[in-house]
Amino acid sequence: MFKLFREEFDSRLFGKNVYKLYLEKTLKNKKSVIAKIKKLPVDVVFCFTVFDNQNIEILEKLGFNLVSIRNTYQLSSKYKYKNISMPKFFKFSHSDQVKSKLNSNDIDKFIRILLQTSRYSKDRRISRKIGEKIYLTWINNSFYNKYADKCIFALSGDKAVGFITVKVKEGVGFIDLIAVLKPHQNKGLGSVLLNKAFNYLKSRGIDKIYVVTEGENTAANAFYQRNQFVLQKTELVYHKHNN
Ligand SMILES: CC(C)(COP(=O)(O)OP(=O)(O)OC[C@H]1O[C@@H](n2cnc3c(N)ncnc32)[C@H](O)[C@@H]1OP(=O)(O)O)[C@@H](O)C(=O)NCCC(=O)NCCS
């Protein structure tokens, strides 16, 4: 079984026909996926596959390139609330005032840190400009266009130095974006932001919480594991460019 569909968000940003292909199991009928890819006006395909030798062989024969690994975590069912000591000299806020005070320089700093570990920056066929445009749109949609259900900021004085966005889909919570600026990392800000996201979801009666991160992003993997997330699945991420 496979899922192949046009990704509207990426297509608009790339100005091309971008498709996503999900292979959740070993491909039984490789001819049908090949025929479908050939029939559609596909310029770029992002594929997420289970680690399966047969799928790997087919994708490589089709001209896909491995760009990343993607880990999906779920908050442990044995999650225990831990009283996290508040990092000194920082405040946390979800107020619209914080968003309205952000300037393009603040947003650029977040874009840079998010892009660094993203799969888009690992594909040489995707320009930095496109990568930046993807994150700029993603952040703008999350902060100002209700794409995220909740945005929480870590503040040093009145400057945002970190943020988290949370999405809710069909009663399940997703940590969508999280970033802490380099000089403020490893001070506990990320953990407090996660904790505040958990509290928000709890207030909505949601305890099923997921987060996805690149396997190569060891800092983020260690961070999620320390914060009681349990690895659910690892997928390979392949990209194919026709045009
Ligand atoms: C992931 C991120 C949000 C964590 O924020 P943070 O404020 O540094 O997190 P905390 O200080 O609460 O926790 C840091 C913990 O993460 C882990 N960690 C952080 N950097 C690490 C590194 N270089 N190597 C290994 N573990 C690391 C450690 O477990 C550390 O815990 P400890 O030092 O207390 O043992 C931050 O590193 C970041 O913005 N990274 C870039 C963007 C990103 O990768 N976002 C996630 C993509 S899904």
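Which polar side-chain atom lies 2.8 Å from an oxygen atom of the ligand? The atom belongs to N217. The structure is a predicted model, in which local features need pLDDT of at least 70, side-chain atom pairs count only at pLDDT 80 or more, and totals for chains, interfaces and linings use all residues. Residues are numbered from 1 along each chain as its sequence is written, and side-chain values use heavy atoms, with hydrogens and water left out.

The surroundings of the ligand are described first. The ligand is surrounded by 20 residues, of which V180, N186, G188, S191 and N217 are the closest; a residue is counted here if one of its heavy atoms lies within 4 Å of the molecule. Polar contacts are pairs of N or O atoms within 3.5 Å; within protein, one atom must be able to donate a hydrogen and the other to accept it, and residues adjacent in sequence count only if both atoms are side-chain atoms. Besides the side chain of N217, the backbone takes part: a polar backbone atom of N186 lies 2.7 Å from a ligand oxygen atom, and a polar backbone atom of K187 lies 3.2 Å from an oxygen atom of the ligand. Of the 930 Å² that the ligand exposes when taken alone, the protein buries 73%. These accessible areas come from the Shrake-Rupley method with a 1.4 Å probe; for residues, only the protein chains shown count as cover.

Two or more residues of the shell around the ligand are given by each of β8 (172–180), α7, β9 and α8 (218–226). The largest share, five residues, comes from α8. Helices (H or I, at least four residues) and strands (E, at least two) are DSSP runs, numbered from the N terminus. By residue class, the shell divides into ten nonpolar, eight polar and two charged residues. In this division Ala, Val, Leu, Ile, Met, Phe, Trp, Tyr, Cys and Pro count as nonpolar, Asp, Glu, Lys and Arg as charged, and the others, Gly among them, as polar.

Charged side chains also pair within the protein. The structure holds eleven salt bridges, a salt bridge being a side-chain nitrogen of Lys or Arg within 4 Å of a carboxyl oxygen of Asp or Glu. One of them joins the side chains of D96 and K99, with an N to O distance of 3.3 Å. Both residues lie in helix α4 (residues 96–101), three residues apart, about one turn of the helix. D96 is exposed at 55% relative accessibility, whereas K99 is buried at 12%; buried means under 20% relative accessible area, exposed over 50%, and partly exposed in between (1.4 Å probe, protein chains only).

A further salt bridge is formed by D106 and K159, whose closest N and O atoms are 3.0 Å apart. Because D106 lies in helix α5 (residues 104–116) and K159 in strand β7 (residues 159–169), the pair ties together parts that are 53 residues apart in sequence. D106 is buried, with a relative accessible area of 6%, while K159 is partly exposed at 39%. The side chains of R204 and D149 also meet in a salt bridge, at 3.6 Å from N to O. This pair links distant parts of the chain, 55 residues apart: R204 is in the loop between α7 (189–203) and β9 (209–214), and D149 in the loop between α6 (128–144) and β6 (150–156). R204 is partly exposed at 43% relative accessibility, and D149 is partly exposed at 35%.

Aromatic rings were examined next. Rings of Phe, Tyr and Trp (its six-membered ring) pair if their centres lie within 6.5 Å; planes under 30 degrees apart count as stacked, over 60 as edge-to-face and the rest as tilted. By this rule the structure has 17 aromatic pairs. The rings of F153 and F163 have centres 6.3 Å apart and planes at 35°, so this pair is tilted. F153 in strand β6 and F163 in strand β7 are ten residues apart. F153 is buried at 0% relative accessibility, and F163 is buried at 0%.

For F174 and Y210, the ring centres are 5.9 Å apart and the planes stand at 25°, so the pair is stacked. Since F174 lies in strand β8 and Y210 in strand β9, the pair ties together parts that are 36 residues apart in sequence. F174 is partly exposed at 25% relative accessibility, whereas Y210 is buried at 19%. Elsewhere, ring pairs link Y73, Y79, F198, F223, Y224 and F229 into a cluster.
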